[in-house]
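Please consult the sequence and the structure shown below.

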Amino acid sequence: MLILEYVMLSLLCNAMIIHGMVPSMFGLDITVPLIKGYNLDGSVSAKYRGITLCMHLSKVFEMCILELYGDYFVTSDLQFGFKKRLGCSHALYTVKSVVQHFTSGSSTVNLCALDMSKAFDKLHHCALFIKLMDRSIPLAILIVLIYWYSMCSAVVHWDNTLSSRVRLQCGVLSPALFALYVNDLILALSRSGHGCYFNNMFMGCNVCR
């Protein structure tokens, strides 16, 4: 029975790529507001953060795309966010190591931090598609993603009640696509000729989630 389920799932994923369409429920996200911290005033909206839930099947399909076409989603080694076995601790260690290296030689290191915590939900879809086209991503995958993002909407789940649907015109479904989206920032900085270099290797920035 399990083998049959795998076969059906494979046929569905292949059909979505062939026809350039995904089920309508793929585009529906459910946002659950969770209060940040303990003993906080629940009547203040700023005290909540939204956790977005989506269909398990859509995540499986996304994983299949990333597995089969992973070469098109490769990002810089200085991109530590949303990568397997990498995270903020590695980014912080890199920054600390670079600073220690230069300050030990009596050099001055100036740091600048850019908060992109809100950028994930504000990513422009058309700009993302252009970046994917620049990477010559297969047309079938691009069409699927365009169709998928064109139907994105969300509802809020609150006290066992769902709100009306709200159309989402920005934001990204996949952390891997967000990493790809911001990767050009790293490339632009590395090509600028400014920043820190270690044995001719650019170490002037890094990105973590």
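What percentage of the contacts in the chain with a separation of 6 or more is accounted for by residues 24 or more positions apart? The share is 64%.

## Overall architecture

The model is a predicted one. Its chain holds 209 residues, and buried residues make up 27% of them. The C-alpha trace spans about 65 × 50 × 35 Å along its principal axes.

Six helices and seven strands form the secondary structure of the chain. Read from the N terminus, the elements follow the order α-β-β-α-α-α-α-β-β-β-α-β-β.

## The contact of H1 with H2

Helix H1 covers residues 2-19, and its axis comes within 11 Å of the axis of H2, with a crossing angle of roughly 70°. H1 is therefore roughly perpendicular to H2, as angles of 65 to 115 degrees fall in that class.

On the H1 side, the contact is made by Leu9, Leu12, Cys13, Met16 and Ile17, which meet Leu57, Val60, Phe61 and Cys64 of H2. By class, the residues of this contact comprise nine nonpolar, no polar and no charged.

## The enclosed cavity

A search of the whole structure for cavities of 30 Å³ or more returns one. The volume of the largest cavity is about 100 Å³. Its lining consists of Glu62, Ile65, Leu66, Phe73, Leu145, Trp148, Tyr149, Leu173, Ser174 and Leu177.

Two helices, H2 (56-68) and H5 (139-150), each contribute at least two residues to the lining of the largest cavity. In terms of residue class, this lining is made up of eight nonpolar residues, one polar and one charged.

## The largest pocket

The largest pocket contains about 1200 Å³ of space. It is lined by 37 residues, of which Cys112, Ala113, Leu114, Cys205 and Asn206 are the closest to its centre. Helix H3 (88-103) and helix H6 (175-191) are the elements that give two or more residues to this lining.

H3 provides the largest share of the lining of the largest pocket, with seven residues. The class composition of the lining of the largest pocket is 24 nonpolar, 11 polar and two charged residues.

## The second largest pocket

The volume of the second largest pocket is about 1000 Å³. Among the 32 residues that line the second largest pocket, Thr31, Gly50, Thr52, Phe120 and Asp121 lie closest to its centre.

Both strands and helices take part here: strand S1 (28-35), strand S2 (48-53), H2 and H5 each supply at least two residues of the lining of the second largest pocket. The largest share, six residues, is that of S2. Sorted by class, the lining of the second largest pocket has 17 nonpolar, seven polar and eight charged residues.

## Elements at several sites

Charged residues number one in the lining of the largest cavity, two in that of the largest pocket and eight in that of the second largest pocket.

Definitions and conventions: Residues numbered from 1 in each chain as written. Predicted model: local features only at pLDDT ≥ 70, side-chain atom pairs only at ≥ 80, totals over all residues. Heavy atoms only, no water. 1 Å grid on protein atoms, 1.4 Å probe; cavity = no way out; pocket = protein on both sides within 12 Å on 5 of 7 lines; lining within 4 Å. Points joined across faces, edges and corners; volume = space filled by probe spheres on them. Helix = DSSP H or I, 4+ residues; strand = E, 2+ residues; numbered from the N terminus. Nonpolar A, V, L, I, M, F, W, Y, C, P; charged D, E, K, R; others polar. Axes fitted to C-alpha atoms, helices over the stretch in contact; angles between N-to-C directions. Parallel < 35°, antiparallel > 145°, perpendicular 65-115°, else oblique. Contact = heavy atoms within 4.5 Å. Buried < 20%, exposed > 50% of the residue type's maximum accessible area, 1.4 Å probe, protein only.
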